[in-house]
Amino acid sequence: MPSTTVRIPTQDGQADAFAAYPDDGERHPGVLLYADAFGLRPELHDKARQLADHGYYVLVPNIFYRHGQAPVVELPPYIGEAERAGLFDQIMPVAQAHTAERVTRDADAYLGFLAAQPEVGAGPLGAIGYCMGASLALRTAAAHPGRVAAVAGFHPGLLVTDEADSPHRLLGGLTAEVHFGLAEGDLTPEALADLTRALDATGVDHAIETYPGTVHGFTMSDTSAFHPAGLQLHWDRLLPLLRRTLQAG
């Protein structure tokens, strides 16, 4: 499975990124994968390779590239409860600086990069994300109707906020099919109702599912939140979604 580190020109500099794709000389659908708040690291490399093995060109950008190359914050090999609070103290100012305007601007560059790769087919793209990356995937799809045909987010964060530019308020042009896999407690009942109403209003196919027994971060095997059954359910939902939307015919 070929994989490489790439640099993507953006309006604000160059984003370092990881890419993985099948080694068969064919063109494959592109998938933009947004990391969780801990950022681009070996765990995300592994997820990209696993997804590429199913026939996709997967791009994982360092969304915090304005603050340095990944990892922007030094991470231990395993993130346990003892490490989590200290890491978030460092990560939160960086994450909060990643405004909606920056997300949209960067998405243009990431999707443009994917479209230019000889290994990527001419069809629609997918956008998926973990934790805060789920909101980035939804923003990307909402800003690029017709180009992004699938959105998936797992243990999502920041999908519903009080801000005027909350992702759930920006879905008027959304055309992508959507799946969100929640950990128990990821959304309040009120936020879940707001998100459901917003997706219902778009008319797109969508599903919001709470994965039993999980906590926030359940897909990440390098953290204490990891839940093997939750990770498997994530693949069971993600792969059919991508096949339906990106590999039709």
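**Close-up 1. H168 is a buried residue, with a relative accessible area of 10%.** In this predicted model, H168 sits in the loop between strand 6 and strand 7. Its side chain makes a polar contact with the side chain of S166, at 2.7 Å. Leaving aside residues up to four places away in sequence, H168 touches L159, V160 and T161, and also D194, L195 and A198.

**Close-up 2. H155 has a positive phi, near 35°, and is not a glycine.** Welcome to another histidine in the loop between strand 6 (148–154) and strand 7 (177–182). Is H155 buried or exposed? H155 counts as buried because its relative accessibility is 1%, under the 20% cut-off. As background for the backbone angle, most residues other than glycine have a negative phi.

**Close-up 3. C131 also shows a positive phi, of about 55°, although C131 is not a glycine.** With a relative accessibility of 13%, C131 counts as buried.

**Close-up 4. A cis peptide bond runs from A70 to P71.** P71 belongs to the loop between strand 4 (57–61) and helix 2 (81–96). For context, most peptide bonds are trans.

Methods: Residues are numbered from 1 along each chain as its sequence is written. This is a predicted model: local features need pLDDT of at least 70, side-chain atom pairs count only at pLDDT 80 or more; totals for chains, interfaces and linings use all residues. Side-chain values use heavy atoms; hydrogens and water are left out. Helices (H or I, at least four residues) and strands (E, at least two) are DSSP runs, numbered from the N terminus. Buried means under 20% relative accessible area, exposed over 50%, partly exposed in between (1.4 Å probe, protein chains only). A polar contact is a pair of N or O atoms within 3.5 Å; within protein, one must be able to donate a hydrogen and the other to accept it, and residues adjacent in sequence count only if both atoms are side-chain atoms. Contact means heavy atoms within 4.5 Å.
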